[in-house]
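Me: I'm new to looking at protein models. Could you walk me through how to read the parts of a chain and where they meet?

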Amino acid sequence: MRFSALLRKEFRECIPWLLLAAVVFFGFGGYCLRAFAFPRYGYLYNPYFQPGSLVEPYRLTNYSALQLPGIWLSLTSIGLGLILGVRHFWIPYFTGTWPFLLHRSVNRKTVLAAKLTAAAITFVISLGFTWIVLYWYANRPELFTLPQTARIFIEGWIFILLGLVVYLGTALSGLSTAKWYTTKAFGIAFASIIIFMTFSQWQLFWTFAVIVIGIVILLSQVIDTFLNREF
Amino acid sequence: MSDIVLETEGLTKYYGSTVAVDHLDMQVPRGCICGFVGRNGAGKTTAIKLMLGLLNPTEGSSKLLGCDSTTLTSTIRQRIGYVAEGHRLFRWMSINELERFQCAFFPRQWDCKFFTDMIEYFGLSRRKKIKHLSNGQRAQVSLALALAPNPELLIMDDPTLGLDAAIRRQFLEGMIQLIMHQGRTVLFSSHILGDVERVSDRILVIDKGVLRANCSLEQFRSAVKKVMINFDDSVPAEVDIEGLLHCRRSEKELEVTLVGTNEEKIDEWAKSAGAAQYKIVQMNLEDQFIEFTAPPGRKKLFQWEEI
């Protein structure tokens, strides 16, 4: 009951950003996807993509219709992670609500767990669900020549995990009481390194491993900082 | 059940090299209403946060309801009401939503009727969002939220700060409702000595992180006094009277502020110094507090021994 009350509160704070992220990703990602759909190629409508063109088979087999939406997914995911991190761990400091929140008949672990769970749910609903919808749409044979592979679907979820890395990095920086030019920047800097490593060496297993390691490191730091921090 | 609900031992907090709370030793007995007073930056908020485990002490310890502040269990927290400085609540929530949120943490204790009565007493609409409430109304909601679980110990950090006289009066009356419940203990910090005088039976004075008085209000009222001493000739060069806080002199008149000095000793000193006459001037609590904590010309620190 206490956890659900905390979870409800944290999730309510995420809702505006959940909707914004869903709208941005669905809007831009969906628009890019529609451009590849058969009835009209949209901005890709040019002679190279005309039926019978020599270029078309190459394009169709080497260019996933979900590639551009995937870029939008990664950008939205990073943006959402940043915003949720600020909302959950920076804003209470500025609004002075930490003492009210922490003087509850629950321990700090529960408060933190509610925040992390709310963030994870927000990612799943806003981006995960939208990604599933776009993946389903991109797999409609009457609209797209080639089916999308499961690998592409998993890559989308890796982008979503990348958002969680940014969320945890922002949380860690927000919780740190150090100066900006010292360890306060560590969280965001570490998340930036993970993003760089992800995009510089894109291989499914490697990327997944880097992100998971990043999440584990950041999560352990966030837990430790939150449990021992002064408010 | 212990008679001491709040206890600190050598509680100290440093921020870098600055000491915010300096070896605070105090005990608050059950059932009293304690006014915790001090100037701006005296260390009241830091001390309260240390007691509630929101800050970690540099040295020393504190106990609330017998439990160490750094490891307050959820069961103990359930028995403590806390009104934070500035009444910072979740701005996007309505009063109804806040009640539901708060209630979840006090499932057995929450007195729904009491909360409703208080909200009605303050004339607030339950559907109103916190962000649309004035500072005073937020204070009233804070108080209702803290009182509705019927806490054994209520800690309030400057609850009347920024409230006008009428709202402050209403707030204090709301607080008295809690006090009417037997055995409830209240610790509240304040700048407004009139409020402290109206509701407290005990006073804690903190100055530059040091606890300088911990006694009943009457004791404090009778301990700090101002004496005007007139001389036929000039005022003596050295004033050496027990309990001297401040001393202001003109040509033939000496004004001294004393603490804990009884009339016999004043009389004795006046005679020995060759005073023509002296008069003990009645001071209000605010003047007493200002004199008691004023730094210039302070002769010595006064540590009240009695609890």
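Reply: Happy to! Keep in mind that this is a predicted model. Let's begin with the overall picture: chain B has 10 helices and 14 strands, and its C-alpha trace spans about 75 × 40 × 35 Å along the principal axes.

Me: Into which domains is chain B divided?

Reply: Chain B has domain 1, residues 4-208, and domain 2, residues 222-293. Their C-alpha centres lie 38 Å apart.

Me: How many residues of the two domains are in contact?

Reply: For this, we count two residues as touching if their C-beta atoms lie within 7 Å. On that basis, 7 residues of domain 1 of chain B meet 5 residues of domain 2 of chain B. On the domain 1 side, the elements giving two or more residues are α7 (193-199) and β9 (202-207) of chain B. The largest share, 3 residues, comes from α7(B).

Me: What classes of residue are on that side of domain 1?

Reply: The side of domain 1 of chain B that touches domain 2 has 4 nonpolar and 3 charged residues, with no polar ones.

Me: Which strand is joined to β9(B), and how do the two run?

Reply: That is β10(B), residues 210-216; the two strands run antiparallel and 6 bridges join them. One of the pairs is Asp207(B) with Val210(B). β9(B) and β10(B) form a hairpin with 2 residues between them, and Lys208(B) in the turn has a positive phi of about 50 degrees.

Me: And how much of chain B is buried?

Reply: Of its 307 residues, 43% count as buried.

Notes. Residues are numbered from 1 along each chain as its sequence is written. Chains are lettered from A and ligands numbered from 1 in the order in which they are written. This is a predicted model: local features need pLDDT of at least 70, side-chain atom pairs count only at pLDDT 80 or more; totals for chains, interfaces and linings use all residues. Domain bounds come from an automatic or database domain assignment. Helices (H or I, at least four residues) and strands (E, at least two) are DSSP runs, numbered from the N terminus. Ala, Val, Leu, Ile, Met, Phe, Trp, Tyr, Cys and Pro count as nonpolar, Asp, Glu, Lys and Arg as charged, and the others, Gly among them, as polar. Two strands pair if DSSP finds at least two bridges between them. A residue is buried if 20 or more other C-beta atoms lie within 10 Å of its own, exposed if 12 or fewer, and partly exposed in between; C-beta atoms are placed from the backbone.
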